[in-house]
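Try each task before you read its solution.

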Amino acid sequence: MITPLDIENKEFRRALRGFKEEEVDEFLDEVKEDFEKLYKENIELKDKLSMMTEQVNKYKNIEETLKNTLIVAQNTAEEVNTNAAKKSQLVIEEAEFKARKIIEEANNQVIEIRKEYEETRKSFKLFKGKFKGLLQNEIKIIDETFDDID
């Protein structure tokens, strides 16, 4: 690529019936100045483009990091939900087990109380029968004792 310095240092051979040297030099100076401006602008634009490309890459990296963070957060949330569901299921199962155990113990106590009630009832009937027999025996003795008195 031609540089502004190349334009400035360019020498043309002289020929018969050639162009006016001053006009060519003036034109070349104008071309050199314009080309130099364009050349500098081109360098500045390339620098800007490079800087913008770096920023775009930086933002792409940030975007990628955010995506990965969101994915990790989503996976973590799903894992937390899954663990919470499992834990709640375990708590429910444990509560149901304890409830069944309490009911079973209560049923066993009811059975035990019924047995004690039946035994007490039988003992009472036996006592009542013996007491009744004793009283009848005593009445019989009283009747026999006082039978003579009548």
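**Exercise 1. A salt bridge**

With which residue does Glu36 form a salt bridge, and how far apart are the closest N and O atoms?

*Solution.* Before starting, note that this is a predicted model, in which local features need pLDDT of at least 70, side-chain atom pairs count only at pLDDT 80 or more, and totals for chains, interfaces and linings use all residues. Residues are numbered from 1 along each chain as its sequence is written, and side-chain values use heavy atoms, with hydrogens and water left out.

Step 1: apply the cut-off. A salt bridge is a side-chain nitrogen of Lys or Arg within 4 Å of a carboxyl oxygen of Asp or Glu.

Step 2: find the partner. Glu36 pairs with Lys40, and their closest N and O atoms are 3.7 Å apart.

Step 3: Helices here are DSSP runs (H or I, at least four residues), numbered from the N terminus.

Step 4: look at accessibility. Buried means under 20% relative accessible area, exposed over 50%, and partly exposed in between (1.4 Å probe, protein chains only). Glu36 has 27% relative accessibility, so Glu36 counts as partly exposed. Lys40, at 47%, counts as partly exposed too.

**Exercise 2. Two aromatic rings**

Why do the rings of Phe127 and Phe131 count as a stacked pair?

*Solution.* Step 1: recall the rule. Rings of Phe, Tyr and Trp (its six-membered ring) pair if their centres lie within 6.5 Å; planes under 30 degrees apart count as stacked, over 60 as edge-to-face and the rest as tilted.

Step 1: count the pairs. A search of the whole structure finds two aromatic pairs.

Step 2: The ring centres of Phe127 and Phe131 are 5.6 Å apart and the planes are at 15°, so the pair is stacked.

Step 3: Phe127 and Phe131 sit in helix α2, four residues apart, about one turn of the helix. Phe131 is partly exposed, with a relative accessible area of 41%.

**Exercise 3. Lys32: buried or exposed?**

Classify Lys32, then list what it is in contact with beyond its neighbours within four places in sequence.

*Solution.* Step 1: locate the residue. Lys32 is in helix α2.

Step 1: classify. With a relative accessible area of 16%, Lys32 is buried.

Step 2: list contacts (heavy atoms within 4.5 Å). Leaving aside neighbours within four places in sequence, Lys32 is in contact with Pro4, Ile7 and Glu8.

**Exercise 4. Distances along the chain**

How far apart in space are Val31 and Phe127, C-alpha to C-alpha? Do likewise for Glu63 and Glu96.

*Solution.* Step 1: Val31 lies in helix α2 and is partly exposed at 29% relative accessibility.

Step 1: Val31 and Phe127 are 96 residues apart in sequence, and their C-alpha atoms are 139 Å apart.

Step 2: for Glu63 and Glu96, 33 residues apart along the chain, the C-alpha separation is 49 Å.

Terms used
Helix = DSSP H or I, 4+ residues; strand = E, 2+ residues; numbered from the N terminus.
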